[in-house]
2 protein chains.
Amino acid sequence: MKRAKISNNVIRRLPRYLRKLNELAFHGVDHISSGELGKQMSLTPSQIRQDFSCFGEFGQQGYGYSVETLRSELSTILGMKRSYSVILIGIGNLGHALIKNFGFDRYGFRLLAGFDVDEAIIGTEFSGVPIHHANTLQNFLQENPVDIAVLAVPGNIANSVATMISDCGVKGIWNFTNIELAIEKPDVLVENIHFSDSLLVLSYFLSNSTAKLEDEPEF
Amino acid sequence: MKRAKISNNVIRRLPRYLRKLNELAFHGVDHISSGELGKQMSLTPSQIRQDFSCFGEFGQQGYGYSVETLRSELSTILGMKRSYSVILIGIGNLGHALIKNFGFDRYGFRLLAGFDVDEAIIGTEFSGVPIHHANTLQNFLQENPVDIAVLAVPGNIANSVATMISDCGVKGIWNFTNIELAIEKPDVLVENIHFSDSLLVLSYFLSNSTAKLEDEPEF
(Lines give C-alpha, C1' and ligand atoms only; values in the text may rest on other atoms or scores of the structure.)
Protein backbone atom coordinates (compact mmCIF):
# COMPACT_ATOMS: atom_id res chain seq x y z
CA MET A 1 0.00 0.00 0.00
CA LYS A 2 2.11 2.87 -1.26
CA ARG A 3 0.80 6.37 -0.95
CA ALA A 4 2.29 9.78 -1.45
CA LYS A 5 2.44 11.84 1.74
CA ILE A 6 -1.11 13.00 2.35
CA SER A 7 -1.73 16.24 4.17
CA ASN A 8 -3.27 16.28 7.59
CA ASN A 9 -6.09 18.50 6.35
CA VAL A 10 -7.12 15.93 3.74
CA ILE A 11 -7.04 13.13 6.29
CA ARG A 12 -9.15 15.13 8.73
CA ARG A 13 -11.76 15.69 6.02
CA LEU A 14 -12.21 11.95 5.35
CA PRO A 15 -14.47 11.21 8.35
CA ARG A 16 -16.57 14.24 7.38
CA TYR A 17 -17.06 12.80 3.89
CA LEU A 18 -18.06 9.51 5.45
CA ARG A 19 -20.64 11.18 7.70
CA LYS A 20 -22.13 12.97 4.73
CA LEU A 21 -22.22 9.76 2.67
CA ASN A 22 -23.91 7.89 5.53
CA GLU A 23 -26.53 10.61 5.60
CA LEU A 24 -27.01 10.41 1.83
CA ALA A 25 -27.34 6.62 1.99
CA PHE A 26 -29.87 6.98 4.80
CA HIS A 27 -31.92 9.22 2.53
CA GLY A 28 -31.73 6.74 -0.33
CA VAL A 29 -29.29 8.68 -2.53
CA ASP A 30 -27.21 6.23 -4.57
CA HIS A 31 -25.11 8.55 -6.74
CA ILE A 32 -23.81 12.05 -6.27
CA SER A 33 -21.68 14.40 -8.36
CA SER A 34 -18.67 16.20 -6.90
CA GLY A 35 -20.58 19.43 -7.60
CA GLU A 36 -23.57 18.45 -5.49
CA LEU A 37 -21.40 16.91 -2.76
CA GLY A 38 -19.36 20.10 -2.67
CA LYS A 39 -22.49 22.21 -2.37
CA GLN A 40 -23.74 20.18 0.58
CA MET A 41 -20.37 20.29 2.32
CA SER A 42 -19.27 23.83 1.49
CA LEU A 43 -16.28 22.56 -0.48
CA THR A 44 -15.40 23.13 -4.13
CA PRO A 45 -15.84 20.18 -6.53
CA SER A 46 -12.15 20.37 -7.44
CA GLN A 47 -11.19 20.19 -3.75
CA ILE A 48 -13.26 17.02 -3.42
CA ARG A 49 -11.81 15.41 -6.56
CA GLN A 50 -8.32 16.32 -5.37
CA ASP A 51 -8.92 14.85 -1.89
CA PHE A 52 -10.19 11.54 -3.28
CA SER A 53 -7.45 11.36 -5.92
CA CYS A 54 -4.94 10.90 -3.08
CA PHE A 55 -6.42 7.43 -2.60
CA GLY A 56 -7.47 6.32 -6.07
CA GLU A 57 -10.16 7.02 -8.63
CA PHE A 58 -13.59 6.60 -7.12
CA GLY A 59 -15.79 8.60 -9.48
CA GLN A 60 -16.83 8.16 -13.11
CA GLN A 61 -16.86 11.08 -15.54
CA GLY A 62 -20.45 12.27 -16.04
CA TYR A 63 -21.81 9.71 -13.60
CA GLY A 64 -20.52 10.95 -10.26
CA TYR A 65 -19.71 8.86 -7.24
CA SER A 66 -21.54 5.74 -6.16
CA VAL A 67 -22.47 6.48 -2.54
CA GLU A 68 -22.10 2.81 -1.54
CA THR A 69 -18.71 2.36 -3.21
CA LEU A 70 -17.34 5.57 -1.76
CA ARG A 71 -18.58 4.66 1.74
CA SER A 72 -16.90 1.30 1.47
CA GLU A 73 -13.64 2.78 0.15
CA LEU A 74 -13.57 5.39 2.91
CA SER A 75 -14.25 2.73 5.56
CA THR A 76 -11.28 0.77 4.27
CA ILE A 77 -9.02 3.83 4.13
CA LEU A 78 -10.02 4.83 7.68
CA GLY A 79 -9.15 1.38 9.04
CA MET A 80 -12.75 0.61 9.97
CA LYS A 81 -12.52 -2.89 8.51
CA ARG A 82 -9.55 -3.89 10.65
CA SER A 83 -11.75 -4.56 13.65
CA TYR A 84 -9.41 -2.77 16.03
CA SER A 85 -9.73 -3.71 19.70
CA VAL A 86 -10.36 -0.92 22.16
CA ILE A 87 -10.35 -0.51 25.94
CA LEU A 88 -11.65 2.44 27.94
CA ILE A 89 -9.64 3.61 30.95
CA GLY A 90 -11.54 5.77 33.42
CA ILE A 91 -15.31 5.27 33.73
CA GLY A 92 -16.45 8.62 35.09
CA ASN A 93 -19.29 10.56 33.49
CA LEU A 94 -17.41 10.89 30.22
CA GLY A 95 -16.45 7.21 30.17
CA HIS A 96 -20.11 6.36 30.78
CA ALA A 97 -21.16 8.59 27.92
CA LEU A 98 -18.67 6.96 25.57
CA ILE A 99 -19.68 3.40 26.46
CA LYS A 100 -23.40 4.05 26.33
CA ASN A 101 -23.76 6.55 23.51
CA PHE A 102 -20.76 6.49 21.23
CA GLY A 103 -21.29 3.10 19.61
CA PHE A 104 -17.76 1.90 18.92
CA ASP A 105 -19.09 -1.08 16.95
CA ARG A 106 -20.84 1.22 14.50
CA TYR A 107 -17.38 2.27 13.33
CA GLY A 108 -15.94 -1.24 13.30
CA PHE A 109 -14.19 -1.12 16.69
CA ARG A 110 -14.46 -3.85 19.33
CA LEU A 111 -14.77 -2.34 22.83
CA LEU A 112 -13.39 -5.14 25.01
CA ALA A 113 -13.53 -3.70 28.52
CA GLY A 114 -13.51 -0.67 30.78
CA PHE A 115 -11.17 -0.05 33.72
CA ASP A 116 -11.71 2.02 36.84
CA VAL A 117 -10.95 2.07 40.55
CA ASP A 118 -14.54 2.60 41.72
CA GLU A 119 -15.51 -0.61 43.58
CA ALA A 120 -19.20 0.18 43.01
CA ILE A 121 -18.94 -0.48 39.27
CA ILE A 122 -16.14 -3.07 39.10
CA GLY A 123 -17.53 -6.46 38.10
CA THR A 124 -20.60 -4.92 36.46
CA GLU A 125 -21.32 -4.43 32.77
CA PHE A 126 -22.28 -1.22 30.97
CA SER A 127 -24.04 -1.87 27.68
CA GLY A 128 -22.49 -5.33 27.67
CA VAL A 129 -18.96 -4.08 28.35
CA PRO A 130 -17.35 -5.54 31.50
CA ILE A 131 -15.74 -3.10 33.94
CA HIS A 132 -12.52 -4.36 35.57
CA HIS A 133 -10.34 -2.98 38.33
CA ALA A 134 -7.57 -0.71 37.07
CA ASN A 135 -5.01 -2.83 38.90
CA THR A 136 -5.75 -5.69 36.48
CA LEU A 137 -5.04 -3.55 33.43
CA GLN A 138 -1.44 -4.59 32.93
CA ASN A 139 -2.36 -8.29 33.10
CA PHE A 140 -5.24 -7.74 30.72
CA LEU A 141 -2.94 -6.10 28.19
CA GLN A 142 -0.50 -8.99 28.43
CA GLU A 143 -3.27 -11.48 27.67
CA ASN A 144 -5.31 -9.46 25.16
CA PRO A 145 -3.82 -7.55 22.27
CA VAL A 146 -5.32 -4.07 22.45
CA ASP A 147 -4.92 -1.63 19.57
CA ILE A 148 -6.47 1.50 21.01
CA ALA A 149 -6.89 2.77 24.57
CA VAL A 150 -9.35 5.54 25.31
CA LEU A 151 -7.87 7.66 28.08
CA ALA A 152 -10.52 9.30 30.27
CA VAL A 153 -8.65 9.37 33.57
CA PRO A 154 -7.89 12.37 35.83
CA GLY A 155 -5.15 14.60 34.42
CA ASN A 156 -2.69 13.93 37.23
CA ILE A 157 -2.33 10.26 36.30
CA ALA A 158 -2.70 10.66 32.52
CA ASN A 159 1.00 10.41 31.72
CA SER A 160 1.77 7.49 33.99
CA VAL A 161 -1.15 5.47 32.61
CA ALA A 162 -0.19 6.40 29.03
CA THR A 163 3.39 5.29 29.61
CA MET A 164 2.33 2.00 31.18
CA ILE A 165 -0.09 1.05 28.41
CA SER A 166 2.33 1.97 25.65
CA ASP A 167 4.97 -0.17 27.36
CA CYS A 168 2.38 -2.97 27.17
CA GLY A 169 2.04 -2.62 23.40
CA VAL A 170 -0.94 -0.29 22.91
CA LYS A 171 -0.27 1.59 19.67
CA GLY A 172 -3.06 4.17 19.65
CA ILE A 173 -4.23 6.46 22.47
CA TRP A 174 -7.43 8.45 22.17
CA ASN A 175 -6.75 11.10 24.77
CA PHE A 176 -9.66 12.89 26.50
CA THR A 177 -7.55 14.23 29.36
CA ASN A 178 -6.62 17.87 29.09
CA ILE A 179 -2.94 16.88 29.21
CA GLU A 180 -0.44 16.81 26.35
CA LEU A 181 0.94 13.32 26.78
CA ALA A 182 4.70 12.92 26.83
CA ILE A 183 5.26 9.43 25.46
CA GLU A 184 8.77 8.47 24.46
CA LYS A 185 7.79 5.80 21.94
CA PRO A 186 7.70 7.18 18.39
CA ASP A 187 5.40 4.38 17.17
CA VAL A 188 2.60 5.22 19.62
CA LEU A 189 -0.02 7.47 18.06
CA VAL A 190 -1.96 9.94 20.18
CA GLU A 191 -5.14 11.65 19.05
CA ASN A 192 -6.35 14.35 21.43
CA ILE A 193 -9.79 15.69 22.13
CA HIS A 194 -9.10 18.85 24.10
CA PHE A 195 -12.57 20.17 24.97
CA SER A 196 -11.21 23.51 26.16
CA ASP A 197 -9.31 24.15 22.92
CA SER A 198 -12.51 23.74 20.98
CA LEU A 199 -14.58 26.04 23.23
CA LEU A 200 -11.84 28.68 23.22
CA VAL A 201 -11.74 28.69 19.42
CA LEU A 202 -15.50 29.32 19.44
CA SER A 203 -14.96 32.05 22.00
CA TYR A 204 -12.21 33.59 19.84
CA PHE A 205 -14.48 33.80 16.81
CA LEU A 206 -17.38 35.08 18.88
CA SER A 207 -15.21 37.73 20.46
CA ASN A 208 -13.71 38.68 17.15
CA SER A 209 -17.02 38.91 15.32
CA THR A 210 -18.49 41.03 18.11
CA ALA A 211 -15.46 43.27 18.01
CA LYS A 212 -15.94 43.57 14.30
CA LEU A 213 -19.61 44.45 14.63
CA GLU A 214 -18.94 46.99 17.34
CA ASP A 215 -15.72 48.58 16.15
CA GLU A 216 -15.88 48.35 12.42
CA PRO A 217 -19.25 49.76 11.38
CA GLU A 218 -17.78 50.56 8.00
CA PHE A 219 -17.85 46.89 7.02
CA MET B 1 -9.59 46.09 16.92
CA LYS B 2 -8.37 45.68 13.38
CA ARG B 3 -6.56 42.53 12.42
CA ALA B 4 -5.36 41.06 9.19
CA LYS B 5 -7.12 37.83 8.29
CA ILE B 6 -5.59 35.20 10.54
CA SER B 7 -5.43 31.61 9.39
CA ASN B 8 -7.50 28.96 11.04
CA ASN B 9 -4.39 26.95 11.87
CA VAL B 10 -2.92 29.86 13.84
CA ILE B 11 -6.18 30.36 15.74
CA ARG B 12 -6.40 26.66 16.60
CA ARG B 13 -2.88 26.78 18.02
CA LEU B 14 -3.71 29.61 20.46
CA PRO B 15 -5.47 27.45 23.10
CA ARG B 16 -2.53 25.04 22.92
CA TYR B 17 -0.13 27.87 23.70
CA LEU B 18 -2.33 28.86 26.60
CA ARG B 19 -2.35 25.33 28.00
CA LYS B 20 1.43 25.18 27.80
CA LEU B 21 1.80 28.59 29.46
CA ASN B 22 -0.56 27.56 32.26
CA GLU B 23 1.62 24.52 32.81
CA LEU B 24 4.77 26.66 32.84
CA ALA B 25 3.21 29.11 35.32
CA PHE B 26 2.17 26.18 37.50
CA HIS B 27 5.80 25.08 37.57
CA GLY B 28 7.00 28.56 38.49
CA VAL B 29 8.54 29.48 35.12
CA ASP B 30 8.27 33.23 34.59
CA HIS B 31 10.09 33.74 31.30
CA ILE B 32 10.62 31.54 28.27
CA SER B 33 12.37 31.99 24.92
CA SER B 34 10.67 31.12 21.66
CA GLY B 35 13.38 28.46 21.24
CA GLU B 36 12.54 26.70 24.49
CA LEU B 37 8.79 27.09 23.98
CA GLY B 38 9.18 25.62 20.50
CA LYS B 39 11.15 22.68 21.83
CA GLN B 40 8.48 21.90 24.39
CA MET B 41 5.67 22.18 21.84
CA SER B 42 7.35 20.62 18.79
CA LEU B 43 7.13 23.90 16.86
CA THR B 44 9.93 25.99 15.36
CA PRO B 45 10.81 29.28 17.12
CA SER B 46 10.05 31.18 13.92
CA GLN B 47 6.60 29.56 13.72
CA ILE B 48 5.90 30.73 17.26
CA ARG B 49 7.14 34.28 16.63
CA GLN B 50 5.08 34.39 13.45
CA ASP B 51 1.92 33.14 15.23
CA PHE B 52 2.19 35.75 17.98
CA SER B 53 3.07 38.54 15.55
CA CYS B 54 -0.47 38.24 14.15
CA PHE B 55 -1.68 39.78 17.40
CA GLY B 56 1.10 42.19 18.44
CA GLU B 57 4.59 42.08 19.87
CA PHE B 58 4.66 40.08 23.09
CA GLY B 59 8.34 39.17 23.40
CA GLN B 60 11.51 41.15 24.03
CA GLN B 61 14.70 40.49 22.07
CA GLY B 62 17.11 38.47 24.19
CA TYR B 63 14.68 38.29 27.09
CA GLY B 64 11.96 36.02 25.74
CA TYR B 65 8.32 36.02 26.69
CA SER B 66 6.93 36.83 30.10
CA VAL B 67 4.72 33.83 30.88
CA GLU B 68 2.23 35.97 32.83
CA THR B 69 1.95 38.65 30.16
CA LEU B 70 1.55 36.13 27.39
CA ARG B 71 -1.12 34.21 29.34
CA SER B 72 -3.02 37.42 29.90
CA GLU B 73 -2.74 38.48 26.26
CA LEU B 74 -3.90 35.07 25.05
CA SER B 75 -6.84 35.12 27.47
CA THR B 76 -7.88 38.47 26.04
CA ILE B 77 -7.45 37.32 22.44
CA LEU B 78 -9.47 34.16 23.12
CA GLY B 79 -12.37 36.14 24.58
CA MET B 80 -11.93 34.67 28.05
CA LYS B 81 -12.30 38.06 29.70
CA ARG B 82 -15.70 38.74 28.17
CA SER B 83 -17.46 36.57 30.71
CA TYR B 84 -19.60 34.88 28.09
CA SER B 85 -22.82 33.30 29.35
CA VAL B 86 -23.38 29.64 28.54
CA ILE B 87 -26.25 27.17 28.78
CA LEU B 88 -26.09 23.40 28.37
CA ILE B 89 -28.87 21.66 26.47
CA GLY B 90 -29.18 17.92 27.05
CA ILE B 91 -28.03 16.54 30.41
CA GLY B 92 -27.26 12.93 29.57
CA ASN B 93 -23.97 11.32 30.53
CA LEU B 94 -21.99 13.75 28.42
CA GLY B 95 -23.88 16.78 29.77
CA HIS B 96 -23.19 15.49 33.28
CA ALA B 97 -19.50 15.15 32.49
CA LEU B 98 -19.34 18.70 31.12
CA ILE B 99 -21.10 20.27 34.11
CA LYS B 100 -19.16 18.34 36.71
CA ASN B 101 -15.69 18.08 35.22
CA PHE B 102 -15.13 20.69 32.55
CA GLY B 103 -15.03 23.78 34.74
CA PHE B 104 -16.46 26.48 32.48
CA ASP B 105 -15.55 29.17 35.02
CA ARG B 106 -11.87 28.26 34.79
CA TYR B 107 -11.96 29.63 31.25
CA GLY B 108 -14.01 32.70 32.11
CA PHE B 109 -17.42 31.37 31.08
CA ARG B 110 -20.58 31.65 33.18
CA LEU B 111 -22.64 28.44 33.01
CA LEU B 112 -26.14 29.71 33.78
CA ALA B 113 -28.32 26.61 33.50
CA GLY B 114 -28.88 23.18 32.03
CA PHE B 115 -31.98 22.00 30.16
CA ASP B 116 -33.41 18.51 29.78
CA VAL B 117 -36.72 16.64 29.62
CA ASP B 118 -35.90 14.11 32.35
CA GLU B 119 -38.31 14.89 35.21
CA ALA B 120 -35.98 13.14 37.66
CA ILE B 121 -33.35 15.88 37.36
CA ILE B 122 -35.47 18.96 36.58
CA GLY B 123 -35.48 21.35 39.52
CA THR B 124 -32.23 19.93 40.90
CA GLU B 125 -28.75 21.42 40.73
CA PHE B 126 -25.57 19.83 39.43
CA SER B 127 -22.43 21.45 40.81
CA GLY B 128 -24.51 24.54 41.57
CA VAL B 129 -26.04 24.72 38.08
CA PRO B 130 -29.86 24.59 38.02
CA ILE B 131 -31.51 22.12 35.61
CA HIS B 132 -34.69 23.39 33.96
CA HIS B 133 -37.28 21.73 31.76
CA ALA B 134 -36.48 22.00 28.06
CA ASN B 135 -39.93 23.50 27.44
CA THR B 136 -38.86 26.59 29.39
CA LEU B 137 -35.79 27.15 27.20
CA GLN B 138 -37.35 29.66 24.83
CA ASN B 139 -38.65 31.78 27.74
CA PHE B 140 -35.27 31.58 29.43
CA LEU B 141 -33.53 32.85 26.31
CA GLN B 142 -35.94 35.75 26.05
CA GLU B 143 -35.19 36.79 29.62
CA ASN B 144 -31.47 36.00 29.78
CA PRO B 145 -28.98 36.94 27.10
CA VAL B 146 -27.05 33.76 26.33
CA ASP B 147 -23.89 33.89 24.26
CA ILE B 148 -23.09 30.21 23.88
CA ALA B 149 -25.25 27.09 23.93
CA VAL B 150 -23.66 23.68 24.40
CA LEU B 151 -25.64 21.21 22.34
CA ALA B 152 -25.61 17.70 23.79
CA VAL B 153 -29.03 16.50 22.66
CA PRO B 154 -29.92 13.40 20.59
CA GLY B 155 -29.01 13.79 16.92
CA ASN B 156 -32.60 13.63 15.68
CA ILE B 157 -33.54 16.90 17.39
CA ALA B 158 -30.17 18.67 16.99
CA ASN B 159 -31.18 20.82 14.05
CA SER B 160 -34.56 21.89 15.40
CA VAL B 161 -33.04 22.90 18.75
CA ALA B 162 -30.19 24.71 16.99
CA THR B 163 -32.64 26.64 14.82
CA MET B 164 -34.81 27.60 17.77
CA ILE B 165 -31.95 28.88 19.91
CA SER B 166 -30.35 30.83 17.09
CA ASP B 167 -33.74 32.43 16.42
CA CYS B 168 -33.67 33.44 20.10
CA GLY B 169 -30.33 35.23 19.70
CA VAL B 170 -27.71 32.65 20.69
CA LYS B 171 -24.60 33.48 18.65
CA GLY B 172 -22.34 30.53 19.40
CA ILE B 173 -23.15 26.82 19.39
CA TRP B 174 -20.73 24.26 20.78
CA ASN B 175 -22.02 21.17 19.03
CA PHE B 176 -21.44 17.72 20.55
CA THR B 177 -24.08 15.99 18.43
CA ASN B 178 -22.74 13.97 15.53
CA ILE B 179 -24.82 16.12 13.16
CA GLU B 180 -23.60 18.87 10.82
CA LEU B 181 -25.98 21.64 11.79
CA ALA B 182 -27.78 23.43 9.00
CA ILE B 183 -28.37 26.91 10.39
CA GLU B 184 -29.45 29.62 8.01
CA LYS B 185 -28.11 32.55 10.01
CA PRO B 186 -24.64 33.60 8.86
CA ASP B 187 -23.84 35.32 12.17
CA VAL B 188 -24.28 32.16 14.23
CA LEU B 189 -20.98 30.39 14.86
CA VAL B 190 -20.83 26.64 15.25
CA GLU B 191 -17.86 24.76 16.68
CA ASN B 192 -18.15 21.00 16.41
CA ILE B 193 -16.70 18.23 18.49
CA HIS B 194 -17.27 15.16 16.37
CA PHE B 195 -15.96 12.30 18.50
CA SER B 196 -16.11 9.82 15.63
CA ASP B 197 -14.04 12.03 13.32
CA SER B 198 -11.29 12.11 15.89
CA LEU B 199 -11.28 8.34 16.51
CA LEU B 200 -11.34 7.63 12.77
CA VAL B 201 -8.31 9.86 12.21
CA LEU B 202 -6.47 7.85 14.85
CA SER B 203 -7.64 4.67 13.17
CA TYR B 204 -6.44 5.98 9.80
CA PHE B 205 -2.94 6.64 11.10
CA LEU B 206 -2.86 3.34 12.95
CA SER B 207 -3.96 1.47 9.88
CA ASN B 208 -1.54 3.35 7.69
CA SER B 209 1.46 2.90 9.95
CA THR B 210 0.77 -0.83 10.21
CA ALA B 211 0.47 -1.03 6.44
CA LYS B 212 3.78 0.75 6.17
CA LEU B 213 5.52 -1.60 8.58
CA GLU B 214 4.10 -4.67 6.88
CA ASP B 215 4.28 -3.71 3.23
CA GLU B 216 7.24 -1.42 2.97
CA PRO B 217 10.16 -3.15 4.68
CA GLU B 218 12.54 -1.12 2.54
CA PHE B 219 11.91 1.98 4.65
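This is a predicted model: local features need pLDDT of at least 70, side-chain atom pairs count only at pLDDT 80 or more; totals for chains, interfaces and linings use all residues.
A residue counts as buried when its relative accessible area is under 20%. B:S85, B:I87 and B:I89 point one way from the strand. B:V86 and B:L88 point the other way. In a regular strand the side chains alternate between the two faces of the sheet. In β4(B), the residues pointing in either direction are buried.

The strand also has a partner. β4(B) pairs with strand β5 of chain B, residues 110-116, in the parallel sense. Five bridges link the two. Within this pairing, B:I89 stands opposite B:F115 in β5(B).

A further sheet in chain B is built from three strands. It is open, and its order is β1-β3-β2. Here the pairing is antiparallel. The edge strands are β1 (31-32) and β2 (59-60), each of which pairs on one side only. Two bridges join β2(B) to β3(B), residues 64-66. B:G59 stands opposite B:Y65 in β3(B).

The two chains meet at an interface. On the chain B side, 65 residues are in contact with 65 residues of chain A. The size of an interface is often given as the accessible area lost when the parts come together. For chain B and chain A, the buried area is about 5,800 Å². Carbon and sulfur atoms account for 63% of it.

Charged and polar pairs also span the interface. Six salt bridges are found between chain B and chain A. The side chains of B:R16 and A:E180 form a salt bridge, with a nitrogen-to-oxygen distance of 3.1 Å. The polar contacts between the chains number 20 residue pairs. Several elements of chain B each supply at least two residues to the side that touches chain A: α1 (8-26), α5 (93-102), β9 (172-175), β10 (189-192) and α8 (195-215). The largest share, 18 residues, comes from α8(B). By class, this side of chain B has 34 nonpolar, 16 polar and 15 charged residues.

A:S196 lies in helix α8 of chain A, residues 195-215. A:S196 is classed as buried because its relative accessible area is 2%, and the cut-off is under 20%. Leaving aside residues up to four places away in sequence, A:S196 touches A:N178 in chain A, and B:R19, B:F102 and B:Y107 in chain B.

Key: Residues are numbered from 1 along each chain as its sequence is written. Chains are lettered from A and ligands numbered from 1 in the order in which they are written. Side-chain values use heavy atoms; hydrogens and water are left out. Contact means heavy atoms within 4.5 Å. Buried area is the accessible area (1.4 Å probe) that two parts lose on being put together, summed over both. A salt bridge is a side-chain nitrogen of Lys or Arg within 4 Å of a carboxyl oxygen of Asp or Glu. A polar contact is a pair of N or O atoms within 3.5 Å; within protein, one must be able to donate a hydrogen and the other to accept it, and residues adjacent in sequence count only if both atoms are side-chain atoms. Helices (H or I, at least four residues) and strands (E, at least two) are DSSP runs, numbered from the N terminus. Ala, Val, Leu, Ile, Met, Phe, Trp, Tyr, Cys and Pro count as nonpolar, Asp, Glu, Lys and Arg as charged, and the others, Gly among them, as polar. Two strands pair if DSSP finds at least two bridges between them. Buried means under 20% relative accessible area, exposed over 50%, partly exposed in between (1.4 Å probe, protein chains only).
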